[in-house]
Amino acid sequence: MAKRIEIESLSCFYGNFKAVEDVTLSVEPKSVTAFIGPSGCGKSTVLRALNRMHEVTPGAHVTGRVLLDQDDIYGPGVDPVQVRRTIGMVFQRPNPFPTMSVLDNVVAGLRLNGMKTKSTLAEEAERALRGAGLWDEVKDRLHRPGAGLSGGQQQRVCIARAIAVQPQVLLMDEPCSALDPISTLAIEDLIAQLRDQYTIVIVTHNMQQASRVSERTGFFNISGVGQPGKLIEMDSTHKIFSNPTEKRTEDYVTGRFG
Amino acid sequence: MSTATALPPPSTLVGRKLPRWTPAALVAGALAIAGVLAVLGPADSIEGFVLWTGSLFLIGQTVASFAVEGGRHARDRLVTSLIYTSFVITVIPLVSVLILTIKNGMARFDSSFFSSSLRNIAATNAGGGAYHALVGTIEQVLIATAFAVPVGIFVAIYLVEFGTGGFARTVSTFVDVMTGLPSIVAGLFILSFWILALGQGYSGFAGALALAILMLPIVVRSTEEMLRLVPDALREASYALGVPRWKTIVRIVIPTALPGIVTGVMLGVARVAGETAPVLLVTFGTNSINTDPFSGPQSSLPLFVYQQAGLPNQVAIDRAWTGALTLILFVMLLNLAARLVTYFWRARMGR
């Protein structure tokens, strides 16, 4: 069920401002791809363009193509809602729905998209929570509010919520930046398990994390304030962190970044 | 200074403080001086005495604090005292209105007041009640709510979730204008449009329409503010699950904002429940029970109070006070119900 993503000459705009210019890369199915780079270099923007979340911001639009296997998600007549059902997303800050219990949060996507049967929903919730490695921690408080869990547990509820709708691609936008090291480790272990089933793209500021969890890494950079971000180099994670082709990549991953 | 040598050196972080009994002593001093002034003449009324006491206390405290503790503490004490004073000044009229209404309203707060109308009760007759007015108020407020709340919530959703550009700004401006609309204008509008132009009769329904116009901007504004407080992260989380926009609004955004929306609706209800002017113009008013809001004149509690209070007879004035008390209780009960809804909603969310 995991699918390949091909990005072809993707440029992202916020109104007239070009935030990302001419990105071309491919994301392998059933693997973890990391995007790294300094703040404001457009890596999150590219990630959000992959499930058409970019255009939720007023005035935002893209040019170029994003192919999910053969289908261009920006093709004419494509329904962004359908794209988002196929490509799930986990955000930087845990954002469980405050009005819902743990269980309702996990099955929110299923229920809001029409699944009504209680027993099926309960099964799907258990499957997703086990998938997110959270079942044993929350099985006794499924009906307590989702907002009452710790930050790391909330983030894993959000991951469970994302995988409950059985997407083919999972996008993660700095999923650990608001979490402590223990919770981060739990999420990273989870990513390692999920890579067998899903195509995962993760944006991270933490280069150790990129080197730990990903097979391939793309380095984005920006030449100056007000300039669009660009993809500098994309290669196997090992190569990016040991012997990158570009001088700018080497400066960044070794911490000599200007 | 033998004791001082036994103590550890004073911390440089501890400044000099006025003793704790200082405010009490200052109050006593201010009372004493104001008492002397009362005897001598300048403060020989209750208002003057209170004013002198307060002013003397504020001056004394500021001077003492400035001398001992320094300028920052003196300003802190002065502003703290002023804020407490403002609080008391705000509460006095509210509490005194409530006490006066209860005191005067209890005279006729009996079962016949809530079970009989004013039919065949002349201005000088004792007895009678406000059953007809209570029925009118409940029906008119309910109908007004049924109009204003859905429309108001939809307008707020438009402004927050969809509205961009000139049209949304225009709508927003008109809502602001409507917020300041004098209630008599709403009544005149319904009178000229519904009754004179369309030829409908006087009715409770016409009054409800006027009340709905007054309620609408309050519902829009409060709902809009509550919807704006819902974090965009929740909307994005819902979109990312492949949930369509309308369902995100209905199932995620509105439930999250619901306690605030309920409070806003209650503010609107409280506002219109006490309106006299528009009701006076378009429901005509009656002394008889009319449970049909769609035909014939109907009364309402504010109208009842207005008419009874204008009669030159103590029994009528007693009825007016009880009507006012009933109106206050009606609004308080609605508020209480709204608080309970909000409370249980929050409890369900575990907060």
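These are my notebook entries on a predicted model, kept in the order in which I looked things up.

**Conventions.** I number residues from 1 along each chain as its sequence is written, and I letter chains from A and number ligands from 1 in the order in which they are written. For this predicted model I take local features only at pLDDT of at least 70 and side-chain atom pairs only at pLDDT 80 or more, while totals for chains, interfaces and linings use all residues; side-chain values rest on heavy atoms, with hydrogens and water left out.

**Confidence.** I began with the scores of the model, which are ipTM 0.89 and pTM 0.82. I then looked up pLDDT, the predictor's confidence in each residue on a scale from 0 to 100. Chain A has a mean of 90, with 99% of its residues at 70 or more. Chain B averages 89, and 97% of its residues score at least 70.

**Chain A as a whole.** I assigned helices (H or I, at least four residues) and strands (E, at least two) as DSSP runs numbered from the N terminus. Chain A has eleven helices and ten strands. Its radius of gyration is 18 Å, close to the 18 Å that the globule rule gives for 258 residues, so chain A is as compact as a globular protein of that length. The radius is taken over C-alpha atoms, and the rule is 2.2 Å times the number of residues to the power 0.38. Along the principal axes, the C-alpha atoms of chain A fill a box of roughly 55 × 45 × 30 Å.

I next looked up burial, where buried means under 20% relative accessible area, exposed over 50%, and partly exposed in between (1.4 Å probe, protein chains only). Of the 258 residues of chain A, 56% count as buried. For contacts (heavy atoms within 4.5 Å), I considered those in chain A with a separation of 6 or more, and residues 24 or more positions apart account for 69% of them.

**Arg48(A).** I located Arg48(A) in helix H1 (residues 43–49) of chain A. Arg48(A) is buried, at 11% relative accessible area. Leaving aside neighbours within four places in sequence, I list its contacts as Met53(A), His54(A), Thr57(A), Met89(A), Phe91(A) and, from chain B, Glu236(B).

**Asp72(A).** I located Asp72(A) in strand S5 (residues 71–72) of chain A. Asp72(A) is buried as well, with a relative accessible area of 18%. Beyond neighbours within four places in sequence, Asp72(A) is in contact with Arg65(A), Val66(A), Leu67(A) and Val78(A). I also looked up Val157(A), 85 residues from Asp72(A) along the chain; their C-alpha atoms are separated by 30 Å.

**Positive phi.** I note that most residues other than glycine have a negative phi. Gln166(A), which is not a glycine, has a positive phi of about 50°. I place Gln166(A) in the loop between helix H7 (151–164) and strand S7 (169–173) of chain A. With 41% relative accessibility, Gln166(A) counts as partly exposed.

Asn120(B) lies in the loop between helix H5 (111–115) and helix H6 (131–162) of chain B. I record Asn120(B) as exposed, at 70% relative accessibility.
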